[in-house]
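Subject: Structure handover

Hello,

Here is the structure for you to take over.

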Amino acid sequence: NDDDDDDLPPPPPPLPSSSMEETEITLPPGITLPPGITLPPGIKLPPSITIPIEAPKETEIEQELIEPTLTLPVKPPNEPPIEIKKVIEKLAPFVAKNGQQFEKMVQAKEMNNPSFQFLNPWDTYQPYYAYSVAYHAAKNKYDDEMKKYQLEKQKRETKLKLKDELERRKQQAKQLLERIILGQIEARRKQHEEEQERRRKIEEEMNKKIQDAKRILKKKKKKKKKKKVLCVD
């Protein structure tokens with residue numbers, strides 16, 4: 001029996017261990033595998049990213065943007081003559097813009113001018129003058145508020161467009177990452193299949209060598225047996 005064992009061919013080398021057993025594919029946060037995509041055998045994902053969770057988005061609280069409205073004073077029924085009305089309409093915008101100090105300066109300068117008597121509280125046309133000043137003051141206030149409103153509106157629209165553009169780019173980047181990850185998974189799957197095919201061929205070759213060795217051993221045993229029979233005869 002010891003002699004028979006010496007005649008056997010050397011045992012085949014052991015099968016190489018699969019390099020795919022400890023492979024890990026790390027998915028970035030927010031990237032998940034699409035439905036129907038499964039990992040090939042031997043490929044595993046770290047447990048911490050099996051269910052990615054995106055951080056909650058910060059919500060920005062903004063006050064409601066209200067468009068300003070123009071509220072004009074009530075026009076008095078008693079209108080001055082055309083000449084005085086022209087003076088009032090010319091002076092009122094400056095007083096509305098520069099304030100009562102400007103009005104007092106004009107009043108002191110034109111104290112004896114009949115065309116400026118509407119600056120006195122007891123004058124018949126003072127209510128119309130007060131109306132004209134209030135009218136232009138309201139207009140000035142409305143114009144200022146409307147400028148601020150338009151500026152804020154434009155700022156918010158620009159901000160919203162930028163936010164949408166950033167979100168669109170983020171989605172594009174996410175889709176690109178998903179395609180890259182799927183490409184990596186497919187490459188690993190193919191590598192795994194090639195590894196399995198190589199192992200299968202090695203096993204087939206090993207089994208063939210073992211079968212050949214058994215046939216050789218069987219033939220040798222038959223030859224030895226025939227020699228013994230001849231020697232006995």
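This is a predicted model: local features need pLDDT of at least 70, side-chain atom pairs count only at pLDDT 80 or more; totals for chains, interfaces and linings use all residues.

Aromatic pairs

The count of aromatic pairs is 5. Take Phe118 and Tyr129: their ring centres are 5.1 Å apart and their planes meet at 45°. Planes under 30 degrees apart would count as stacked and over 60 as edge-to-face, so this pair is tilted. The two residues are 11 apart in the chain, and the pair links distant parts of it. Phe118 sits in the loop between helix 3 (100-109) and helix 4 (126-232). Tyr129 belongs to helix 4.

The cut-off for buried is under 20%. Phe116 joins Phe118 and Tyr129 in a cluster linked by ring pairs.

Surface patches

One patch is nonpolar. Leu176, Leu177 and Ile180 form it, with about 240 Å² of accessible area together. Ile180 lies in helix 4. Its relative accessibility is 40%, so Ile180 counts as partly exposed.

Another patch is positive. Which residues form the positive surface patch? They are Lys218, Lys219, Lys222, Lys223, Lys226 and Lys227. Lys226 is placed in helix 4. With a relative accessible area of 60%, Lys226 is exposed; the cut-off for that is over 50%.

Best regards

Key:
Residues are numbered from 1 along each chain as its sequence is written. Side-chain values use heavy atoms; hydrogens and water are left out. Rings of Phe, Tyr and Trp (its six-membered ring) pair if their centres lie within 6.5 Å; planes under 30 degrees apart count as stacked, over 60 as edge-to-face and the rest as tilted. Helices (H or I, at least four residues) and strands (E, at least two) are DSSP runs, numbered from the N terminus. Patches are made of residues with over 30% relative accessible area and no salt bridge: like charges are joined within 9 Å, nonpolar side chains (Val, Leu, Ile, Met, Phe, Trp, Tyr) within 5 Å. Accessible areas come from the Shrake-Rupley method with a 1.4 Å probe; for residues, only the protein chains shown count as cover. A salt bridge is a side-chain nitrogen of Lys or Arg within 4 Å of a carboxyl oxygen of Asp or Glu. Buried means under 20% relative accessible area, exposed over 50%, partly exposed in between (1.4 Å probe, protein chains only). Lys and Arg count as positive and Asp and Glu as negative; His and the chain ends are not counted. The place of a charge is taken as NZ of Lys, CZ of Arg, CG of Asp or CD of Glu.
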